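Please look over the sequence and the structure shown here, and keep both in view while reading the paragraphs below.

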Amino acid sequence: MAAKLTLFPARGASRYLLLHEGESRQAGRDPGANDLVIDDPRISARHARVEWTGRGWSLRDLDSKNGTFVAGRPAEGDALEDEDWLSFGGLLARFEVVSEEEVLTLESERARRLQTSVEITQELARERDPRRLLERLLQSVLSLTAAERGFVLLIGPRGTLEAEVASGFTSGATFDERFEGSLGAIERVLATGEPVVASDAPSHTFLGSRPSVREFGITTLACVPLKSGDTVIGLIYVDGRKSGGAFTDLDLEILEALADNVAVVLSTVRIDREIRELLGTGPESAAGERGFFEAIERRVAEIARNASRASPAAPGAAPSS
């Protein structure tokens with residue numbers, strides 16, 4: 001007998017913990033006191049305990065500040081049932097009973113996806129044409145993470161973000177309809193130099209009110225910087241409408257690994273003036289596509305300027321080689 005406990009933070013990647021027969025876990029924010037550490041301000045130092053009972057698992061709150069609930073009821077040691085929804089101080093989680101066969105499938109799938117990402121990383125490292133590299137990067141990310149649409153922005157020679165490749169957007173839609181929801185994520189990445197991941201975008205503090213988050217029905221979103229050393233030289237953005245799913249910690253791990261690899265390759269082919277000349281606006285870029293990209297660039301230009309003034313982690317002029 002085994003169980004799967006999946007945590008769904010609104011402002012981060014979801015992650016799951018497998019519980020095997022006989023195992024108990026204590027959840028809380030303090031790494032020294034818990035074997036299930038949850039880094040969330042709503043979680044108490046010692047928050048709750050998932051206890052093996054001999055026939056299954058129970059959940060008990062440990063006098064936490066914000067409480068622990070099972071299907072809306074206070075967690076007072078009652079048995080957990082398959083597909084129960086839990087709340088750790090407001091952080092949602094789902095409890096599922098799984099077979100040992102399902103456990104092996106989960107572990108095998110994780111290993112397979114990691115191996116596939118390693119193989120793709122090796123392939124990308126051999127690609128020296130900047131446009132083909134970015135196109136392959138975006139398609140690989142969409143495939144591996146099961147996201148539905150995305151784009152890549154790079155820092156131009158004047159230190160401004162310039163759109164290069166995009167995929168998964170409805171032809172003929174306006175800029176606002178297609179990209180408004182992404183601007184909050186872009187702004188945060190430029191200001192901090194850190195990835196933004198939302199497993200529940202509608203509940204996200206600064207993403208939930210964006211028009212495309214509501215109208216397109218975005219539930220999962222990730223925006224990851226491309227870095228050369230400590231300098232942001234671009235970013236990858238992807239999102240999707242995974243019904244009943246979430247952007248997982250494995251998705252983020254894959255995204256960051258691919259981004260790191262591509263950033264290294266881009267740096268070796270002169271990310272400043274030379275890469276702009278190689279990418280150019282040649283015949284492979286249709287006039288409509290270029291116009292759309294220019295609209296993106298205009299909208300993010302102000303964000304980039306504000307972020308560069310607010311934080312040293314934000315991108316400046318691209319480094320020369």
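This is a predicted model: local features need pLDDT of at least 70, side-chain atom pairs count only at pLDDT 80 or more; totals for chains, interfaces and linings use all residues.

The next stop is a set of aromatic rings, for which the count comes to four aromatic pairs. In one of them, the rings of phenylalanine 8 and tryptophan 85 have centres 5.7 Å apart and planes at 45°, and the pair therefore counts as tilted. This pair links distant parts of the chain, because phenylalanine 8 belongs to strand 1 (residues 2–8) and tryptophan 85 to strand 10 (residues 84–88), 77 residues apart. Tryptophan 85 has a relative accessibility of 40%, so this residue counts as partly exposed. Phenylalanine 151 and tyrosine 237 form an aromatic pair that is stacked, with 5.0 Å from centre to centre and 20° between the planes. Because phenylalanine 151 lies in strand 12 and tyrosine 237 in strand 16, this pair ties together parts that are 86 residues apart in sequence. Phenylalanine 151 is buried, with a relative accessible area of 1%, and tyrosine 237, at 1% relative accessibility, counts as buried too. Elsewhere, ring pairs link Trp52, Trp57 and Phe95 into a cluster. A ring can also face a charge, as with tyrosine 16, where lysine 4 lies over the face of the ring at 5.0 Å from the ring centre.

Two single residues complete the tour. Where is valine 70 found, and which residues does valine 70 touch? Valine 70 is found in strand 7, which covers residues 68–70, and, leaving aside residues up to four places away in sequence, valine 70 touches Leu59, Ala75, Leu80, Asp84, Trp85 and Leu86. With a relative accessible area of 6%, valine 70 is buried. The C-alpha atom of valine 70 is separated by 9.5 Å from that of arginine 60, a residue 10 positions away along the chain.

Glutamine 26 is found in strand 3 (residues 25–28). Is glutamine 26 buried or exposed? Its relative accessibility is 12%, and glutamine 26 therefore counts as buried, given that the cut-off for buried is under 20% relative accessible area. A polar atom of the side chain of glutamine 26 lies 3.1 Å from the backbone oxygen of alanine 33, and the side chain of glutamine 26 also makes a polar contact, at 3.4 Å, with the side chain of asparagine 34. Not counting residues up to four places away in sequence, the residues that glutamine 26 touches are Ala33, Asn34, Asp35, Leu36, Arg46, Ala48, Arg49 and Leu62.

Definitions and conventions:
Residues are numbered from 1 along each chain as its sequence is written. Side-chain values use heavy atoms; hydrogens and water are left out. Helices (H or I, at least four residues) and strands (E, at least two) are DSSP runs, numbered from the N terminus. Buried means under 20% relative accessible area, exposed over 50%, partly exposed in between (1.4 Å probe, protein chains only). Contact means heavy atoms within 4.5 Å. A polar contact is a pair of N or O atoms within 3.5 Å; within protein, one must be able to donate a hydrogen and the other to accept it, and residues adjacent in sequence count only if both atoms are side-chain atoms. Rings of Phe, Tyr and Trp (its six-membered ring) pair if their centres lie within 6.5 Å; planes under 30 degrees apart count as stacked, over 60 as edge-to-face and the rest as tilted. A charge sits over a ring if NZ of Lys or CZ of Arg is within 6 Å of the ring centre and within 35 degrees of the ring normal.
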